[in-house]
Amino acid sequence: MKKPKIRELCEALRSFFSRPFTTTFPLTAHEPAKKFRGKPEYNEDTCVGCGACFQVCPSKAIDMVDEIKDGLGRRILIHHPKDCLFCGECERNCITGDGIKLSRIFDIAYFDEKDVQDRIEHELLLCKHCGQVIGAVKHLTWIRKKLGNLAFSQPVLISRFTGEIRLATGAEESFSGETDRTDILKTVCPGCRRLAFISDEGGER
Amino acid sequence: MKNKKRVIIPIGPYHPLLEEPEFFSLYCDGETVVDVEWEAGYNHRAIEKLSESKHWDQVTFLVERICGICSTSHPFAYCNAVEDILGITVPERAKYIRSIIGEMERIHSHLLWVGLAGHFLGYNTVFMWAWKYRETILDMFEMITGNRNHYAMFRIGGVRRDIEDGDIPSLRKVLGEMEGKLEMLTRAVLDDPVLAVRLKGVGVLTRRDIKDFGAVGPVARASGVDFDVRKDDPYAAYPLVKWKVITTGNGDVFDKAVVRLLETFESVSIIRQCLDAIEGKKGEIENQVREVPAGQGIGRHEAPRGECFHYVRSDGANSPVRHKIRAPSYVNIPTFKASCTGQTISDVAIILAGVDPCYCCTERVAVYDAGNKKKLYGFPELVEMSRKKTERIIKGEMK
Ligand code: SF4
Ligand code: SF4
């Protein structure tokens, strides 16, 4: 009967004379662990706007909005911390490797959700015929660089490339209005290209 | 009498907080409980259905959120199930890491239980201390996996993060300290005269009861049924390390506590052996899985509360076509019918806690007088009565 009491007394005394185990958090800053998985953040330089993070996110915490206004397209990726699981799937599946990275920020309480949201905008390449989205400009450039010579098998990538090295004269992007055979090699969406394939020179389908 | 008992008045509050909220009705004759009824299904989150709409990798994170305490047991069982369909094994290093995570979780879950049990008995110091010790394990989780809970370590084919050599010394240090604390706690429980009077012979489940109800985990092992998935259906690194299944024979709440406490020592030893195996070595931590073929698979994991079971069927597409989950509390909770009947009301709180169901589940208890079906007590009153009884024993008024 006596011994157990002594053992527990020791522990009690030790607890009594040591610092409180709890921290005074808001007063003293908390330092999360080195590998802590906090709020994901986009990197302006390395994110190319492919939208893979949006597709793999298990909790749909990332929104992808494609806006087309006055013939200009913008892709906006918005990360909502309120839905995020901090699982890191977005970081893991990012095609460039560090377009989105989990930071160590844990303090994401908010009054206005916009304060904690992270967003990134990209320019979209639109089909010259129908105005449909082909992809983010930066994404296509990234693919072109990655593919090297193989990129010359794909008309949109070719025209991106000729544009970049200033070989484009403007003739390749002139459109007659109707989809015709020559449009195969221009900046058109897959739908319009299919249409162009099945039309003959006269523009008849 | 029997018909009258069927009148169940669901008494709130219904906090849809954790998994498995249940509704209990205790029918009492004076101080003695004569019957227990329970209902489940108040908080249907449609996890199984939801999982059919997510692709294979996303489901891991979905099932991780079934339970807030043993959050790794569901991904563990799920990954085992999908790997069963694939017919692959994970790399050896991943096996060890999986077991380390599983056992660390067992330690923190059991400590949490010890704390809660102390709280119900009016030993709030035990509650504070056990949770204090548990905190260091949670810090280790943050260091290794990046989060205190919901570790997101599992992935079909392996694990997502490696345990780096730099992290191992601090983990070993925590384990060493933990062992001392656990030793203290276990001895304190084992030779405390008040706890012995309070818990021995309370809420007894016989081997027969365990078989009848199909109970699993520490509840079954406390009654001498040595059923443990880690031994009986080896997976991950469990066949590669030395450990033993803890069983005791009395089946009362005291034994359930003892089984849990002793299991934490086994967990510490398993983690140590796993760390030895991976320290200073490099290796693959995952097998790339391109697609899941059509087929069906089952996966099991010995969660801290017992066997966690997942059944997954695939038709070769991107997401499961059927995903069935059975959590251990689901089979353990019906044992209340056997363990509570014939006991006094003041013991009910600890008997219910002895099974280690989620705390919020038991928040819905209401006590009825067998005669007039009036609601007498809610769970807070039950806890209060439980504490009073302990006090009376301490003061020597009761034996
Ligand atoms: S961390 Fe996970 S939940 Fe959060 S945005 Fe990335 S993928 Fe989605
Ligand atoms: S580059 Fe990475 S961060 Fe950017 S949209 Fe693609 S996957 Fe997301």
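**Interface and sheet**

In this predicted model, 17 residue pairs, both residues at pLDDT 80 or more, are in polar contact between chain B and chain A. On the side of chain B that touches chain A, helix H3 (56-64), helix H6 (124-145) and helix H7 (168-190) of chain B each supply at least two residues. H6(B) gives the largest share, nine residues. Sorted by class, this side of chain B has 17 charged, ten nonpolar and seven polar residues.

Six salt bridges are found across the interface of chain B and chain A. One of them joins Arg155(B) to Glu89(A), with the closest N and O atoms 3.9 Å apart.

In total, 34 residues of chain B contact 26 residues of chain A. The area buried between the two chains is about 2400 Å², and carbon and sulfur atoms give 46% of that area. Within chain B, the residues that lose the most area to chain A are Trp129(B), Glu142(B) and Arg160(B), together 20% of what that side buries.

Chain A also contains an open sheet of four strands, in the order E2-E3-E5-E6, with antiparallel pairing. Strand E2 (62-69) and strand E6 (133-136) of chain A each have a single partner strand, so one side of each is left without a neighbour in the sheet. From one strand to the next the twist averages 30°.

Inside the sheet, strand E3 (residues 72-79) and strand E5 (residues 118-126) of chain A run antiparallel and are joined by seven bridges. Ile78(A) has Arg119(A) in E5(A) as its bridge partner. Helix H4 (residues 137-147) of chain A lies across E5 and E6 of chain A, at about 70° to E6(A).

Definitions and conventions: Residues numbered from 1 in each chain as written. Chains lettered and ligands numbered in written order. Predicted model: local features only at pLDDT ≥ 70, side-chain atom pairs only at ≥ 80, totals over all residues. Heavy atoms only, no water. Contact = heavy atoms within 4.5 Å. Buried area = accessible area lost by both parts, 1.4 Å probe. Salt bridge = Lys/Arg side-chain N within 4 Å of Asp/Glu carboxyl O. Polar contact = N/O pair within 3.5 Å; in protein donor to acceptor, adjacent residues only side chain to side chain. Nonpolar A, V, L, I, M, F, W, Y, C, P; charged D, E, K, R; others polar. Pairing = 2+ DSSP bridges. Axes fitted to C-alpha atoms, helices over the stretch in contact; angles between N-to-C directions.
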